[in-house]
Amino acid sequence: MVSFWDRLRERLINFYPPLLGAGIRSRRIDDLTIHVEMKLTAFNRNIVGVHFGGSLYAMCDPWFMLIMMRALGSDYIVWDKAASIKFISPGRGTVNAAFQITRERINEIRTAADRGEKIEPVFSVDVLDGQGQIVAQVEKLLYVRRKK
């Protein structure tokens, strides 16, 4: 059961200053999918006129962790542990990414955590431009374990 505070946090995250300042907007599609987009603005443009790399990373930062926290519930600890970003091509215009964790993957992680293991799953996402071309590839390493 999703609490009132969880639903409120999902709505207010678009007003979190690092996301708001970079023009990053999220929309939850379902419990396991979040779509994020960022328009090119004066606030997220670098010196050569394309998306600033830090803004591209910021647009990818919290989503896998938030999906996992929602899916597993409050009996589990979920942290971001590490990340990497590979820039493929200049980001112009609006860029977007779809963050999704499958139900099967959630169940595998839950089963391992229930056995007392610490789990460090890796997730990846492509940041795409308006033509569907890859702008950046991001990998996120999470830390998951069941609370004692």
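I looked up Asn-14 and found it buried, with a relative accessible area of 6%. I note that the model is a predicted one.

I then placed Asn-14 in the chain: it sits in the loop that joins helix 1 (4-12) to helix 2 (17-22). For its side chain, I recorded a polar atom 2.7 Å from the backbone nitrogen of Ser-26. Setting aside residues up to four places away in sequence, I listed Leu-20, Ile-24, Arg-25 and Ser-26 as touching Asn-14.

From that list I turned to Leu-20, which belongs to helix 2. I found its relative accessibility to be 46%, so Leu-20 is classed as partly exposed, the range between 20% and 50%. With residues up to four places away again left out, Leu-20 touches Asn-14 and Phe-15. I also checked Leu-20 against Gly-49: the two are 29 residues apart in sequence, and their C-alpha atoms are 20 Å apart.

Next I examined the largest nonpolar core, which has 38 residues; Met-59, Met-68, Phe-99 and Val-127 touch the most other members. I noted that several elements each supply at least two residues of this core, among them helix 2, strand 2 (33-38), strand 3 (76-87) and helix 5 (103-114). Helix 4 gives the most, with eight residues. In soluble globular proteins, nonpolar side chains tend to be buried together.

Last, I followed Val-127. Apart from its neighbours within four places in sequence, I found Val-127 in contact with residues including Leu-56, Met-59, Cys-60, Val-95, Ala-97, Ile-134 and Val-135. Its contacts also include Asn-96 and Gln-133.

Notes
Residues are numbered from 1 along each chain as its sequence is written. This is a predicted model: local features need pLDDT of at least 70, side-chain atom pairs count only at pLDDT 80 or more; totals for chains, interfaces and linings use all residues. Side-chain values use heavy atoms; hydrogens and water are left out. Helices (H or I, at least four residues) and strands (E, at least two) are DSSP runs, numbered from the N terminus. Buried means under 20% relative accessible area, exposed over 50%, partly exposed in between (1.4 Å probe, protein chains only). A polar contact is a pair of N or O atoms within 3.5 Å; within protein, one must be able to donate a hydrogen and the other to accept it, and residues adjacent in sequence count only if both atoms are side-chain atoms. Contact means heavy atoms within 4.5 Å. A nonpolar core is a set of buried Ala, Val, Leu, Ile, Met, Phe, Trp, Tyr and Cys residues joined through side-chain atoms within 4.5 Å.
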